[in-house]
Amino acid sequence: MLGDAISHAVLPGLVLAFLITGTRDPMMMLLGAAIVGLLTALLTEFLHRIVKVDEGASIGIVFTTLFAFGLLLIVRYADAVDLDPDCVLYGNIVFVSLDVIPLWGMDIPRPVIILTVMSVINLGAILLFYKELKITSFDDQLADALGFRSTAIRLLIMVLVATTTVAAFEVAGSILVVAFLIIPPATAWIL
């Protein structure tokens with residue numbers, strides 16, 4: 001649920017990144033998404049731990065509020081931007097090979113570079129924080145008792161999910177990205 005929430009909550013980060021820079025540069029979009037992903041995590045944690053709102057409800061409150069704020073920003077300031085809803089929903093994998101960057105004497109598609117970098121970052125975070133991720137995923141209180149900062153680990157996960165989600169949107173589209181975020185954990189839960 002958190003992955004789905006973050007995939008919607010990053011909308012204001014994307015819009016603000018566009019409004020500030022005036023371009024749809026993927027690196028600026030990732031930065032905007034990461035910042036709002038972190039904000040989503042902080043607000044969710046605040047509502048859950050400080051205000052004592054149920055975790056699912058706090059995710060729902062933050063995600064719908066940020067998504068609505070993003071929609072308001074689009075309608076108010078970026079309504080004339082040529083954004084194809086089909087590309088947002090389904091991605092645009094057909095044109096990936098046309099947007100290339102020369103690297104080491106080869107033309108490599110820009111989305112491949114971005115997704116490779118995100119994969120390396122995610123793998124590095126998993127390898128570096130494996131023990132902390134494992135303990136925090138199953139028992140926050142035990143992690144805190146053992147001296148791990150479960151809140152920091154959860155924030156790291158949320159930032160990684162937000163940036164990975166935005167990086168994958170361009171190629172895979174939001175429907176497939178959300179499916180990739182929801183189906184594996186749901187299957188694991190069943191197993």
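I count two residues as in contact when they have heavy atoms within 4.5 Å. Leaving aside its neighbours within four places in sequence, Leu14 is in contact with Met29, Ala33 and Val166. I note that this is a predicted model, in which local features need pLDDT of at least 70, side-chain atom pairs count only at pLDDT 80 or more, and totals for chains, interfaces and linings use all residues. Residues are numbered from 1 along each chain as its sequence is written, and side-chain values use heavy atoms, with hydrogens and water left out.

Next I looked up the cores, meaning sets of buried Ala, Val, Leu, Ile, Met, Phe, Trp, Tyr and Cys residues joined through side-chain atoms within 4.5 Å, where buried is under 20% relative accessible area with a 1.4 Å probe, protein chains only. The largest nonpolar core has 18 residues, of which Ile6, Val10, Leu14, Met29 and Val166 touch the most other members. Helix 9 (150-190) is among the elements that give two or more residues to this core, and its share of six residues is the largest. A second, separate core of five residues includes Ala9, Val36, Leu47 and Val62.

Then I turned to helix 2 (residues 11-21) and helix 3 (residues 26-50), which pack at an angle of about 135 degrees with their axes 7 Å apart; helices here are DSSP runs (H or I) of at least four residues, numbered from the N terminus. The axes are lines fitted to C-alpha atoms over the stretch in contact, and angles run from 0 to 180 degrees between N-to-C directions. The contact is made by residues including Leu14 and Phe18 of helix 2 and Met29 and Val36 of helix 3.

Technical notes
Buried means under 20% relative accessible area, exposed over 50%, partly exposed in between (1.4 Å probe, protein chains only).
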